[in-house]
Amino acid sequence: LDPKGRLYFCGRTDEIFKTRGKKVSAVEIERTAMAMDIVHLAKCISVPCKRKGYKPVLFVQTVVGVEKRRIEDLCSSIRKYLMGQLEKYKVPADVLVVDSIPKLSNQKINRRAIYDLWQSIDEQR
């Protein structure tokens, strides 16, 4: 809503989106990532992409005790695992390791905070 009370539709926040003309389930990507021993929690979002329409981006919270010295290596190993488990178009363009995935007071994942986090990361690039 804007200050005058007008409602604007700003896009979908579904768990299913299209990339390269094919449907992708964010839940499938999250479950596949969480099958890894090092992943405690995963949240996949779709972000606009000029070439693909939308692309998947995966936020990952690792289990306690995982060394975070080499974040790039950790992201790379998660992405490699996903490449072996999912069709190529479903593999997230970016895998981002975060200290914690934001949650609401009812312990559900705060989707708005995840999108805001992506926007701040994307602006820094």
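User: Cys75: buried or exposed?
Analyst: Cys75 counts as buried, at 14% relative accessibility. Buried means under 20% relative accessible area, exposed over 50%, and partly exposed in between, using a 1.4 Å probe and protein chains only. This is a predicted model, where local features need pLDDT of at least 70, side-chain atom pairs count only at pLDDT 80 or more, and totals for chains, interfaces and linings use all residues. Residues are numbered from 1 along each chain as its sequence is written, and side-chain values use heavy atoms, leaving out hydrogens and water.

User: How many disulfides does the structure hold?
Analyst: It holds 0 disulfides. Cys49 is in none either, and its nearest cysteine sulfur, in Cys44, is 13 Å away. Cys49 is buried, with a relative accessible area of 17%.

User: New topic. Where is Thr32 found?
Analyst: Thr32 is in helix H1, residues 26-34. Helices (H or I, at least four residues) and strands (E, at least two) are DSSP runs, numbered from the N terminus.

User: What is Thr32 in contact with?
Analyst: Tyr81, Leu82, Gln85 and Leu86, leaving aside neighbours within four places in sequence. Contact means heavy atoms within 4.5 Å. Thr32 is buried, at 15% relative accessible area.

User: And which strand does Asp94 lie in?
Analyst: Asp94 lies in strand S5, residues 94-97. Asp94 is buried, with a relative accessible area of 15%. Beyond its neighbours within four places in sequence, its contacts include Lys55, Trp118 and Arg125.

Methods. Disulfide = S-S within 2.5 Å.
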